[in-house]
Amino acid sequence: MPGRQSRRSVLAAITALPLTGALGACSGTDSASSGSTATSGTKGTTTITFWSALRGSQEVVDEFNKTHKHIQVAFEQIPSGTSGGYLKLSNAARAGNAPDVATIEYPQVPGYAIDGVARDITDVISDRLKAKLLPQALGLTTFQGRTYSVPLDVEPMVLHYRKDLFDKYGLDVPTTWDEHTELARAVRRTGGKRRATFFSTDMGQFSAWCWGAGAHWFDTSKGAWNVSLADAATRRVSAYWQRLIDEDLVYVNPPNSREADAQAGNSLVLTRHSGAWDAGAQMNARPQQKGLWRIAPQPQWDPAKPALGTQGGSTFAITKDSRHPEAAMEFIEWQVSSPAALKARLSSGASSQYPAVTELIKEGRAAFDRSYYGGQDIYTLFENEAQKITDGWVWGPRMTATGQVMADAFARAAAGSGTIESSMRAAQDGTMPDLKALGLKTTQHST
């Protein structure tokens with residue numbers, strides 16, 4: 001069993017070392033009770049518990065249990081992190097009964113490492129598995145040579161568009177953000193339709209745009225947490241989307257709201273910006289639009305130097321309460337690297353994850369039903385786009401809190417009180433007390 005680092009040593013590691021890598025979504029049926037530590041079953045069988053909000057997880061667990069007799073997994077579908085899943089995990093950890101394995105999205109990994117919920121798994125993750133993983137993905141879960149979770153997927157930001165409506169109105173798919181603006185104006189002239197939706201409470205979408213523009217919200221390269229949520233690149237993105245909002249060229253709604261769903265369902269939105277995973281979610285949410293959508297690369301600021309951020313993406317952590325980390329790691333390794341696991345997840349019809357183990361790309365390409373996207377080979381597109389993900393992005397140690405402050409400020413701006421840029425400055429102001437409360441050395445810049 002691997003040794004545990006103290007919370008203070010984890011704090012020191014994450015503060016002292018640059019977080020290398022660049023990567024930053026997400027249902028089934030309940031099949032287990034609330035979290036508990038792994039137990040030994042009959043005839044040498046070890047039972048471990050697994051909590052996740054990821055689509056297709058039940059199918060994955062069913063396949064694992066069918067093919068592995070010495071380890072069995074008791075699965076519980078939980079809400080997505082921001083809808084209560086992370087609170088449930090944190091409460092369980094405080095009570096000492098967190099599940100053996102938990103799904104944690106990239107932005108939350110540093111925080112769960114600092115809090116001691118995510119166990120140091122350096123001594124149980126194999127060199128074989130590390131060699132298979134995209135280095136940038138593994139880098140985002142590894143601090144000062146110590147690893148705290150295993151990447152499942154990498155989700156480059158892409159552009160979904162309604163091919164039928166583009167054809168109807170004679171529109172071209174934009175390749176630059178300037179072309180994106182002209183397209184938005186052209187779409188507005190068609191009547192009540194809009195180019196896209198700015199999700200007024202979505203940190204993930206906005207962070208991906210800023211990441212692709214060259215922003216660095218957090219940096220630890222000088223031995224402290226430098227916070228810069230309103231750097232030059234972020235201000236450029238903020239001004240860009242503020243102009244589209246001011247010109248009434250995009251809808252402004254919370255994600256997953258009835259308004260946003262109705263606008264997309266009623267063909268009032270011609271494009272969507274999201275991570276690769278969302279192709280499967282779109283199929284599940286709007287089956288009646290089968291054959292109407294296609295996927296294209298995200299517009300670029302400089303086509304000669306393409307750069308992307310990610311939206312979404314998940315990792316698997318072994319919690320501090322697990323009594324059988326080796327069994328938990330065997331399950332995790334199978335989940336992230338086995339073709340059977342990927343096929344099982346895709347069989348749910350609600351997932352289009354782009355695997356962090358790149359040798360599985362061909363499996364995803366073969367298993368994914370292309371008919372919804374008119375036969376398009378979206379996995380080849382994802383593969384090309386993943387190469388544009390830039391290194392150097394760092395998530396902060398309290399991204400749930402940072403994201404909430406940002407969402408609240410975005411909502412006020414959407415109601416006419418403030419701007420996107422002022423929202424980012426408010427998010428920075430709201431972030432600093434949390435970092436200082438952790439005892440972290442901090443600096444901040446906003447220009």
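Tutor: Start with pairing: two strands pair if DSSP finds at least two bridges between them. The model is a predicted one. In it, an open sheet of 3 strands has the order β13-β8-β14, and the pairing is antiparallel.

Student: How do you know that β8 and β13 pair?

Tutor: Strand β8 (residues 157–162) and β13 are joined by 5 bridges in the antiparallel sense, and the criterion is at least two.

Student: What makes β13 and β14 edge strands?

Tutor: β13 (271–275) and β14 (293–297) each have a single partner strand, so one side of each has no neighbour in the sheet. From one strand to the next, the twist averages 30°. Helix α12 (residues 278–285) lies across β8, β13 and β14, at about 130° to β13.

Student: Why is β15 said to be largely enclosed?

Tutor: Buried means under 20% relative accessible area. In strand β15 (residues 314–318), 5 of the 5 residues are buried, so the strand is largely enclosed by the rest of the structure. Ser314, Phe316 and Ile318 point one way and Thr315 and Ala317 the other way, all of them buried.

Student: Which strands pair with β15, and how do you know?

Tutor: Strand β4 (residues 101–105) is joined to β15 by 5 bridges and runs antiparallel to it. Strand β7 (residues 150–151) pairs with β15 over 2 bridges, also in the antiparallel sense. With at least two bridges required, 2 bridges are enough for β7 to be called paired with β15. Within β15, serine 314 is the bridge partner of glutamate 105, and phenylalanine 316 that of valine 150.

Student: Why are α8 and α10 called roughly parallel?

Tutor: The axes of helix α8 (residues 177–188) and helix α10 (residues 232–246) come within 11 Å and cross at roughly 10°. Angles under 35 degrees count as roughly parallel, so α8 is roughly parallel to α10. Trp177, His180, Thr181 and Ala184 of α8 make the contact with Tyr240, Trp241, Arg243 and Leu244 of α10. These residues divide into 5 nonpolar, 2 polar and 1 charged.

Student: What makes proline 255 partly exposed?

Tutor: The range runs between under 20% for buried and over 50% for exposed. Proline 255 has a relative accessible area of 25%, and is therefore partly exposed. This proline 255 lies in the loop between β12 (251–253) and α11 (258–265). Leaving aside neighbours within four places in sequence, proline 255 is in contact with Phe199, Thr201 and Asp202.

Note on methods: Residues numbered from 1 in each chain as written. Predicted model: local features only at pLDDT ≥ 70, side-chain atom pairs only at ≥ 80, totals over all residues. Heavy atoms only, no water. Helix = DSSP H or I, 4+ residues; strand = E, 2+ residues; numbered from the N terminus. Buried < 20%, exposed > 50% of the residue type's maximum accessible area, 1.4 Å probe, protein only. Contact = heavy atoms within 4.5 Å. Axes fitted to C-alpha atoms, helices over the stretch in contact; angles between N-to-C directions. Parallel < 35°, antiparallel > 145°, perpendicular 65-115°, else oblique. Nonpolar A, V, L, I, M, F, W, Y, C, P; charged D, E, K, R; others polar.
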